[in-house]
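Please have the sequence and the structure open while reading.

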Amino acid sequence: MRRVLVLGLLLGLSVSFLVSAAGRGEAKTEGFVIGVSNPWVGSEWRTQMVDRVQEVAQPYIREGFIKEVIVQSFDVPLEGQIDQIRNLISRGANVILVNPADANALNPVIREATQRGVIVIATDTEVSSPEAINVAIDQAEWARISARWLVDKLGGEGKIVAINGIAGHPANTARVRGYTEVFGDAPGIEILNQVNADWDNALGQSTMQNLLATYPDINGVWVQDGMAEGALRAIRSAGRDDIYVTGEARVGYLNLWKETGIDGIGVANPPGCMASALEVAVQLLKGRELKDGILSGPFGNTIYVPVPVVVTNLNFDTVYNEYKGYPDYYSVDGHITPAQAEQFFK
């Protein structure tokens, strides 16, 4: 008999998953079905995310705990992601792992899923639905880490620009909030401009070229992942080695870092976040209950996992030697282990 899991909201603050009496203690005759909803494939980061969750699922498939992983991964608008989730429900998914295109718009279809006994876990960025759990790094804190570094390198004074991702995307919004807090607490820092380059490396390079032409007195650049390599190339071409640049921990950026010898920082935004979500899902499928107070975040439904790596000149050689053979687009990665996932549960 299929084990049915019901998602409930307790006290408006915490989420509890209850295993039905019929399923508790019964041996399953077939494994669970995991669904993956990814509405954007125009990024190598997303490809790495999907590949990693499928890789981490393999031991569970071999032991029979997971029957299969069904991936819905293609470029779709928001309505298309809703269709992805409905398709996964109809195909019998017990768990749906979602990289959401919007923090709020998926809530009705998430409810459709949970009312059918499906566990929904959002990752990479957070949804507001009280019927889902988010498993992600804290994107605002991700931004604060490099923003603090930039303030420190500038001695608390200087003129900076910011190159952001896709306007309106929840992760972008959280990051802007994070660095705005840090720079706002440093009265000597002046933000000359904040622009969007859609997490595209080539667009990041041309955007940086335009910023350099418009603001010749730039002292520092805060850049989101996927664009720092392009921004640094533009800075090099302009002969502005005096500009401090933050960036992501991606191989192309690390290669350029090695070549130029910059004093830099790269904060890992791990594609393995969905693999971390899978490890949490496994514990829920085993009928385990989250510890009291483990959920936090702006919607009270998030398990924050650590940023796996922050690269600076102090540890650059170690990280570079580990990843130097990978393609330029490859992200320095990490995800929680089964033992780490167990620590979230009673």
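At 16% relative accessibility, arginine 144 counts as buried, where buried means under 20% relative accessible area, exposed over 50%, and partly exposed in between (1.4 Å probe, protein chains only). This is a predicted model, in which local features need pLDDT of at least 70, side-chain atom pairs count only at pLDDT 80 or more, and totals for chains, interfaces and linings use all residues. Residues are numbered from 1 along each chain as its sequence is written, and side-chain values use heavy atoms, with hydrogens and water left out.

**Salt bridges**

- A search of the whole structure finds 18 salt bridges, a salt bridge being a side-chain nitrogen of Lys or Arg within 4 Å of a carboxyl oxygen of Asp or Glu.
- Arginine 144 forms a salt bridge with glutamate 141 through their side chains, at 3.0 Å from N to O.
- Glutamate 141 and arginine 144 are three residues apart in helix 4 (residues 139–153), and so are separated by about one helical turn; helices (H or I, at least four residues) and strands (E, at least two) are DSSP runs, numbered from the N terminus.
- Glutamate 141 is partly exposed, with a relative accessible area of 25%.
- Through salt bridges that share partners, Glu141, Arg144, Arg148 and Glu181 are joined into one network.
- In helix 1 (residues 44–62), arginine 52 and glutamate 55 lie three residues apart, about one turn of the helix, and their side chains meet in a salt bridge of 3.6 Å, N to O.
- Arginine 52 is buried at a relative accessible area of 14%, whereas glutamate 55 is partly exposed at 49%.
- Another salt bridge brings together the side chains of glutamate 131 and arginine 111, at 2.9 Å from N to O.
- This pair links distant parts of the chain, 20 residues apart: glutamate 131 is in the loop between strand 6 (119–123) and strand 7 (133–136), and arginine 111 is in helix 3 (residues 107–115).
- Glutamate 131 is buried, with a relative accessible area of 17%, while arginine 111 is partly exposed at 42% relative accessibility.

**Helix packing**

- The axes of helix 2 (residues 78–90) and helix 3 come within 10 Å and cross at roughly 5°; axes are lines fitted to C-alpha atoms, for helices over the stretch in contact, and angles run from 0 to 180 degrees between N-to-C directions.
- Helix 2 and helix 3 are therefore roughly parallel to each other, since angles under 35 degrees count as roughly parallel, over 145 as roughly antiparallel, 65 to 115 as roughly perpendicular and the rest as oblique.
- Ile82, Ile85, Arg86 and Ile89 of helix 2 make the contact with Val109, Glu112 and Ala113 of helix 3, contact meaning heavy atoms within 4.5 Å.
- Helix 7 (residues 228–237) packs with helix 8 (residues 251–260) at an angle of about 30°, their axes being 8 Å apart, and the two helices are therefore roughly parallel to each other.
- The contact is made by Ala228, Glu229, Leu232, Arg233 and Arg236 of helix 7 and by Gly252, Tyr253, Leu256, Glu259 and Thr260 of helix 8.

**A buried loop residue**

- Leucine 290 is found in the loop between helix 9 (273–285) and strand 13 (302–304), and is buried, with a relative accessible area of 5%.
- From leucine 290 to aspartate 75, the separation is 215 residues in sequence and 34 Å in space, C-alpha to C-alpha.
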